Structures are given as structure tokens and as C-alpha cells.
Amino acid sequence: MKIGITYRLFFSILGATSLAIFSLFLIMRWNIDRGFFEYLRNLDQSRLDQMTVNLEEAYGEHGNWDFLQNDPRFLTESMLGARSDDAGPGKGKRVAEGRGMQRMGQRGPRRTRWPFIVLDAQRKPVFGKDEGTEGVDFRPILHDGAAVGYVGFLPPKQFLNPHQLRFLKQQKSALVLAAGGMVVAVMLFSLPLARRLVSPIRSITAATADLASGRYDIRVPAGSSDEMGQLARDFNTMALTLENNEKARRQWVADISHELRTPVAVLRGELEALLDGIRPISPEAVRSLHTDVMRLNRLVEDLYQLSLSDIGALTYRKTNLDLRAVLRDSLETYRPEFFRKGIRLTEDLARGPEVVVSADRERLNQLFANLFENSLRYTDTEGRLSVGLAVHGGRADIEIQDSAPGVSEEEAKRLFERLYRVEASRSRTSGGAGLGLAICKNIVEAHEGTISAHPSLLGGLLIRVAFPVAEKNV
């Protein structure tokens, strides 16, 4: 049988509380017995003091203990603290009680269980129970400075009268009823409490089922500040993240479809024109087809590289190399292209100590190629490009900034998003698919570096890349 968490919590609360109540019941019951018998023992001690004095006086008058067998009335009056010559408002009652006990004593002292014991000087029983004195607190009876006997009361629990027994029974019954009532109250209180405590868990469970079915807009209330409230807030954060990821996935699929559709449509149109004879087959037509195929190939390759980076399958073979030399070699490769477009190149890569970084040379070449290709495409003719490298502490900073057209600070923050274009300066004909900078970001982060985009002082875009350098450069 499957037991839900509500009833598990209910039985846990009930069990723990019942155990506490039962323990308290045992402690209280033990305390009642202990306190009641302690009270009787203290009462007996006061009687024992008076009885010791009376026995000392009687022994002095008779000179031996024979009078105890001949006059039991003396013992009963001594035990009650009332001799025949005592005075006081309780005299009549005590004397009557003494006479009753006297009658008991006349039936035979050995057949009657007396609550006290009298021993002689050799500790032999003179009067009272003689089958053992364990647990009896004896007081010496003195005559002329010597102990002539001992007197003591038996433990009170051995001589409880009906009134005392009834009192103890009433107290224990009341304690049992109180403990039972508390258990019933806990039962009535713990089930609603368990349901209330489990209610947030039920809400999160139902919301989790909705989330698993694809309802990413589901949220749960998070009003409390305890662990359950924190769990609800974490669930809402997870749901929001999944919702955003799902939106990004759908947008990504739509953008990829759109990006692939355009070059395929252009390529199809040109091929159909050639097949229908509308456009003659010529080197120019073939060259145009080749250009479209290369653009499509570049898009597919970028997607492939990006997917490898996302799944962690993009391999990196890192070695210690000179960052300045790699940057200069990449720049020299693109220098003719910048010259052909009329872009004036300024570099600050003066020779100096090697800037050693742990990196993959091939991936760094890919990074710098994407950045220079981006500047080449989106910088106006007769523009400017500045490339600089500097070491600050344990970091190597690379700055690549070009001239107009520029971007705003808000647009610069989004340039590393996949398939994002600044419409004022990019087009599918002259530009790429918006994946180059996203690939650059993945490469830089794989080298434990940072990359950011900002408006350039030259009027265009500033790309700042930072790499950690080896200890010898720090």
C-alpha cells in the first residue's frame, strides 16, 4: 500500500508527539509517587521524633521494654503524637484513633502489621514486624547517654490507608486522561498541519508535471521565506530559463531555416534560368553560381563549427605560443584585402618580449580571421582600421577598432548573439549570417578569456579581447 507524504508527515508528527507525551506521562507518574511518598516520609519523621522522646521517657519510668507488651495503647498514642496528658484541639480525634489501634493491638501484636518497629539495645525486635528491617531509618532511644533501643517507621508505601490509595489512584487516572486527551488533540491538529505543509509540495509537483508536458509558462506561488518558498522561487527560475531556451530554440530554428532558404532560393533561380535558356551558360553565370555555393558552404560551416562548440566537441590543442606573432601573421594575411578596399591600416604591435599564452594556434587564427573579415565587410571604403596589443598585469588585451558605420552601445551588446544583424550596416548579400562573432565568443571563452564590443572612437566598432598570459609575462 502506497502511503502519501501527507500521511507520512501526519504519522511522523503523531509518533514524535505521542512519544514525548508518553515520556512526560512516565516522568509525571514517577514524580507523583516520589513526591507523595516523600511527603509521607517527612510526616513520619516528625512522628518518629515525638515517638522517640515518648519511648525514652517510658523506658526511664519502667527500666525495660516489658511495658510494650502490656500496654499497646502507649505505642498507639506515641505514634499519633498524643499521650493521655496531651492537650489540643485534636485531642479527641487522636485518642479515638489511638483506641482503635489499641483494639487492633489487643488482637495480637504479632498478627497485626504495625507501621513501626522497636528494637532493644542488641537490635532484636521488641515490638512490630520482625521479618526484616531493610529500608527502615532507625532512631536511637537514649537513657543516661546510652542507646537502650531503636525505633523506626517502615517505608510509607507498605502502609497506605484507603484514603491515600484513593488519592493516588485519582491522580494517576487524571494523568492518564490528560495524556490521552493530548494525543487526541495532536491527532486532530497534526493532520490539517500536515496537509498545509504538503500543500506547496503538491503545487510544485503539479507544476512539474505541466512543465514536463511542455507548459513552460507555468509558475507556482512563492510567498513564504522558508525553504519551501526558496524551492518555489528556484522552480520559477528554472521554468523561466526553460521558457527562454525554448523560445531561443524556436527562434534559432526559424532563423536557420530563413538563412538557408535565401541562398538556396537564389541558387535555384539561377539554375532554372540556365535550364530554361533565359540566361546563357557562360563563365560569368558559372562564377555567380560558384559564389552562391560558397556563401551557402560558409553558412553551413559556421553552423557546424558553432554546433561543435556547443556540445564541447570542438577540439583544442593548446601550447605555449607568442600571441603577438599569431596576431601579426593573421593581420598580414588580410593586409592586401584592406589595401584593395582602401582601408588604412594602423597597428601597434611593436616588437618586444614575447606575449606567451596557452592557446590553440588554429583556433586563434580562426578568431582573428573572423574579426578581420567582420571589419572588412562592414567598414566603408576609404575607412580606417586600428589593431593594438598591450599586456596589463596577467592579461593580454587586444583591441580591433574600425571606422563608420558604427553601432550603438545597446546594439554592440547583442552582436555576439547568433544570427543577430545590425540592419543599418549588414545585409545577406554583403555580410554573413551573423554567426562569426558568436563563434569568436566561444573560442575566446574556451581559452578562459573575455570578448566585448563597444562603439569605436573612429566611428565604427571596437572589439576588445583579453587572454590570460603565462606566468613569465606577469
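Figure 1. The model shown is predicted. H1 spans residues 5–62.

**Figure 2. Pairing of S3 with S4.** Strand S4 covers residues 146–153 and pairs with S3 in the antiparallel sense, over seven bridges. Within this pair, Arg 139 has Val 151 of S4 as its bridge partner.

**Figure 3. Strand S1 and its two partners.** S1 is mostly covered, five of its five residues being buried. In a regular strand, side chains alternate between the two faces of the sheet. Phe 116, Val 118 and Asp 120 point one way from S1, while Ile 117 and Leu 119 point the other way; all are buried. S1 runs antiparallel to S4, to which five bridges join it. Leu 119 has Tyr 150 as its bridge partner in S4. With S2, S1 forms three bridges, again in the antiparallel sense, and Val 118 stands opposite Phe 127 of S2. The hairpin of S1 and S2 has four residues between the strands, and Arg 123 in this hairpin takes a positive phi near 60°.

**Figure 4. A nonpolar surface patch that includes Tyr 7.** Ile 3, Tyr 7 and Phe 11 make a nonpolar surface patch of about 290 Å². Tyr 7 is placed in helix H1. An α-helix has 3.6 residues a turn, so residues three or four places apart point the same way. Tyr 7 has a relative accessible area of 40% and therefore counts as partly exposed, a class that lies between the 20% and 50% limits.

**Figure 5. The five-stranded sheet.** This open sheet has mixed pairing and the strand order S6-S8-S9-S11-S10. Its edges are strand S6 (344–348) and strand S10 (450–455); each has a single partner strand, so one side of each is left without a neighbour in the sheet. The average twist from one strand to the next is 15°. Eight bridges link strand S9 (residues 395–403) and strand S11 (residues 459–468) in the antiparallel sense. In this pair, Ala 396 stands opposite Phe 467 of S11.

**Figure 6. Helices H8 and H11 on the five-stranded sheet.** Helix H8 (residues 323–341) lies across S6, strand S8 (384–392), S9 and S11, and runs at about 180° to S8. H11 also packs on the sheet, where it touches S10 and S11; its direction makes about 140° with that of S10. H11 spans residues 436–446, and its buried residues are Leu 437, Ala 438, Ile 439, Cys 440, Asn 442, Ile 443 and Val 444. Glu 448, which follows H11, has a positive phi near 60°.

**Figure 7. The whole chain, for orientation.** The protein chain has eleven helices and eleven strands. Of its 474 residues, 38% count as buried. Among contacts with a separation of 6 or more, 67% are between residues 24 or more positions apart. The chain exposes about 28,000 Å², of which carbon and sulfur atoms supply 55%.

Terms used. Residues are numbered from 1 along each chain as its sequence is written. This is a predicted model: local features need pLDDT of at least 70, side-chain atom pairs count only at pLDDT 80 or more; totals for chains, interfaces and linings use all residues. Side-chain values use heavy atoms; hydrogens and water are left out. Patches are made of residues with over 30% relative accessible area and no salt bridge: like charges are joined within 9 Å, nonpolar side chains (Val, Leu, Ile, Met, Phe, Trp, Tyr) within 5 Å. Accessible areas come from the Shrake-Rupley method with a 1.4 Å probe; for residues, only the protein chains shown count as cover. A salt bridge is a side-chain nitrogen of Lys or Arg within 4 Å of a carboxyl oxygen of Asp or Glu. Helices (H or I, at least four residues) and strands (E, at least two) are DSSP runs, numbered from the N terminus. Buried means under 20% relative accessible area, exposed over 50%, partly exposed in between (1.4 Å probe, protein chains only). Two strands pair if DSSP finds at least two bridges between them. Axes are lines fitted to C-alpha atoms, for helices over the stretch in contact, and angles run from 0 to 180 degrees between N-to-C directions. Contact means heavy atoms within 4.5 Å.
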